[in-house]
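The questions and answers below set structural terms beside the values that they rest on. Please keep the structure in view while reading.

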Amino acid sequence: MARASGKAHIIVLDVGLSTAIATGIEKQSFFQKAKTCVSLIIQRLIFSAPNDHVGVVLFGTQETNNQLSVELGGYEHITEAFELKQASWQTLRILQKQVTRSSSEAGWFDALIVAANLLKTESLGKKFTDYSIILISPLFTRDNVAEDQIAGVLEGIRGMQAVLHVITNFVQHPAATVASIFTTSGTFEEQANKSEARAWNERWVKKVLNDTNGTVSNINWAERMLAFFDPKAVRPTPWNSVLCIGTKVNLSISAYVMISEEKGLGSFKVDSVDDSTSSTTRVEMKTQYFLNDKPMEISMQDIIMGYMYGSTAVPYDNTIDIEYRSGEARLACLGFTASSNILEEHLGAKGSHVVVAKKGCTASNHKLSALVKAMAELNVTMIAAKVYRKDNRPRLNALVPTYRNEVPCLTMLELIFKDELCCLKFPPLLKSKPKPTAEQYDAIGKLIDSMNLMDAFDDSNGEAREAFALHGTYNPTLQHVYRAVARRALNPNQPLPAEPDSTLQELTTVPKKVADRSKPALEDVKKLFELKEIKQNTRAEWLQRMAKVKLEDDATSIVSTVDSGILMDDDDDTDRRTVVSVGTITPAQDFALLLRRGEKFATVATQLQNVLFELLFTSMRPPGDKVVAALIVYRSEARNLGPYRYNEWMTEFKQMLLTRRKEAFWEAVIVGKRLGLIDSQESDMSTVSVEQAATFYETPTQSKPAVESSAGDEIDSDSLFDELNGSF
């Protein structure tokens, strides 16, 4: 006996035309939908269940080609189109091109007998896990079914433990039906206007479905459900290891994936789809090197091996022989900590696992139950090092005690490194927030109620159902990839559609019912909440405002200095000079010009800080007004683009000024012109309070030197030498 090879499916498709004129048009439309369903079923098997086997039986064909007709006679106009084999794109292409309607008719019951015989014959010598027959027919042609015949067919189907699924019309489904097809069943419509032949067939179909636990689906509902592909079913495989606590306690555990990042399709082998090229032509990958978006040639000798840590390149020297071996696979407890110490920002986005005792290990099960109970009572979390495979890099994990279906277990979550922790600082909220009125509260409440998704869709029966249900909504990205691959496989020379089809757009579009009923509430919100346009000042306007700042000492010279670089037109400035970075000649003008050109504020601010340091501490000339103008421009711009960098630098700048005996500059410029820290009143982005900004201007009292020069004309040569070299 061969090993298990998935499931076995036989698709039975009605391709005949009805002789009744009243039903001919309806059946012609049904055939197109039925053919689409067959195509989607085979596509689902290719993507999600490549080990499953599928066969196709057509009834209503012009010719007759089946095993029972050869052996027993009868069973006319029934064809065994495809034997039971693995689903492939080649099979699907043949079905799409060669399966057409015919003018013949055949009974659905005879086709069911032929399909059951084909399923039994083709599965001999093979071990399948499940068997199913999918009958797709409008059931327009009356089939004379005898009691003894149906009993024998049912016995054969039950003997194989096969299930019958019927896809037809005049079937209704519950409003809350969001499960996958073939897992739930609808019911035949009792009030529908049906022909006598249809009512006769339904009676016998119900009997077959009841005796085989089968399902019946509406053709429109089935076409919609089959259009969404289910991910490949994977049997949960545990990670079996040992949980070590100290040197004496060892527990045999199994870890199962509980939550993981959903991955798309795997990589594909890329071939040329051009018929004019050879079938052996492969698409090759080519590596190119670029420097500032310009291609360049690099020899292998110039390449240095390294790793990327975030956006930082870390070179690696092969000559350094560092060998670390973590040892055998294990889950080693490092200690316990209060659960309050494990915050959400400490967890890595690697999913989660559930840790239980290994199956069959009774002693470990008792130990784990006691451990989980004790951890839950003490409200602690275990920190453990996980080595997935021998000599793999250890990972730090947090094991949280929990109960799943009243079974004690541990939830394992990976922890991040300290360097990966990102703590964001947000500016304080406004102290005087406007309080909404009662009418505004009511308007927002009505808007929220109108956007309720629990009754966002109305089915064909007029019953409301939920939109974007958690277990009934598919990943639109993954579904688009599936459909694009299927379309390219079936039509290799046709371009892919520019936009996704309507069924995919529904996954990302607000339901029409919700959009319509929320419009009145939205209009009320617009009326009650008056929006005032706040015109954003351009960078040039901000710089012009800074240019108008008047200083107490020599205001005219300073303003003219700032204006010379700020109010200059772009064209005139380009003709006069080219500024690459902030220089020591005109730092304020250079700083403003670079910002106007779109340079990053952080980059230009760092350049200006270096220039100010050079002018104040290393230059032999007095700093002059250009240092003051540069500080004014820097502070004014930092108020609007981000005061954090300026406040951090100003704190260091104060310490440097006082350490290097620049108290006069500190008092006259920083304190006198109020160029200190930017508080929260000046900028909403600042985290410095008004009290902290005021305290910043205070300096610690320093004792004066015991002996001072009365004349003031004595010069210390060592001090002069230090000043010349910039070491104060």
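**Terms and values**

Q: What makes up the closed barrel, and how is the pairing described?
A: The closed barrel has 7 strands in the order S9-S10-S16-S19-S18-S17-S15, and its pairing is mixed. Its neighbouring strands are turned by 40° against each other on average, direction ignored. This is a predicted model, in which local features need pLDDT of at least 70 and side-chain atom pairs count only at pLDDT 80 or more, whereas totals for chains, interfaces and linings use all residues. Residues are numbered from 1 along each chain as its sequence is written, and side-chain values use heavy atoms, with hydrogens and water left out.

Q: How do you know that strand S9 and strand S15 pair?
A: Two strands pair if DSSP finds at least two bridges between them, and strand S9 (residues 239-245) and strand S15 (residues 330-338) are joined in the parallel sense over 2 bridges. Cys244 stands opposite Ala332 in S15. Strands here are DSSP runs (E, at least two residues) and helices are likewise DSSP runs (H or I, at least four), numbered from the N terminus.

Q: Which strands make up the open sheet, and in what order?
A: The open sheet is formed by 6 strands in the order S3-S2-S1-S4-S5-S8, with mixed pairing. Strand S3 (78-86) and strand S8 (215-218) are the edge strands, since each pairs on one side only. Within the sheet, strand S1 (residues 8-14) and strand S4 (residues 131-136) pair in the parallel sense over 6 bridges, and Ala8 has Tyr131 as its bridge partner in S4.

Q: Why are H5 and H6 called roughly parallel?
A: The axes of helix H5 (residues 147-159) and helix H6 (residues 196-212) come within 10 Å and cross at roughly 30°, where axes are lines fitted to C-alpha atoms, for helices over the stretch in contact, and angles run from 0 to 180 degrees between N-to-C directions. Angles under 35 degrees count as roughly parallel, over 145 as roughly antiparallel, 65 to 115 as roughly perpendicular and the rest as oblique. H5 and H6 are therefore roughly parallel to each other.

Q: Why are H18 and H19 called oblique?
A: H18 and H19 pack with their axes 8 Å apart, at an angle of about 135°, and they are therefore oblique to each other. Leu631, Tyr634, Arg635 and Ala638 in H18 meet Pro643, Arg645, Tyr646 and Trp649 in H19, a contact being heavy atoms within 4.5 Å.

Q: Why is Leu615 called buried?
A: Buried means under 20% relative accessible area, exposed over 50% and partly exposed in between, with a 1.4 Å probe and protein chains only. Leu615, which is found in helix H17, has a relative accessible area of 7% and is therefore buried.

Q: What makes a set of residues a nonpolar core, and which members of the largest one touch the most others?
A: A nonpolar core is a set of buried Ala, Val, Leu, Ile, Met, Phe, Trp, Tyr and Cys residues joined through side-chain atoms within 4.5 Å. The largest has 43 residues, of which Phe591, Leu631, Phe653, Phe665 and Ile670 touch the most other members. Another core, of 41 residues, lies apart from it and includes Ala8, Phe59, Tyr75 and Val153.
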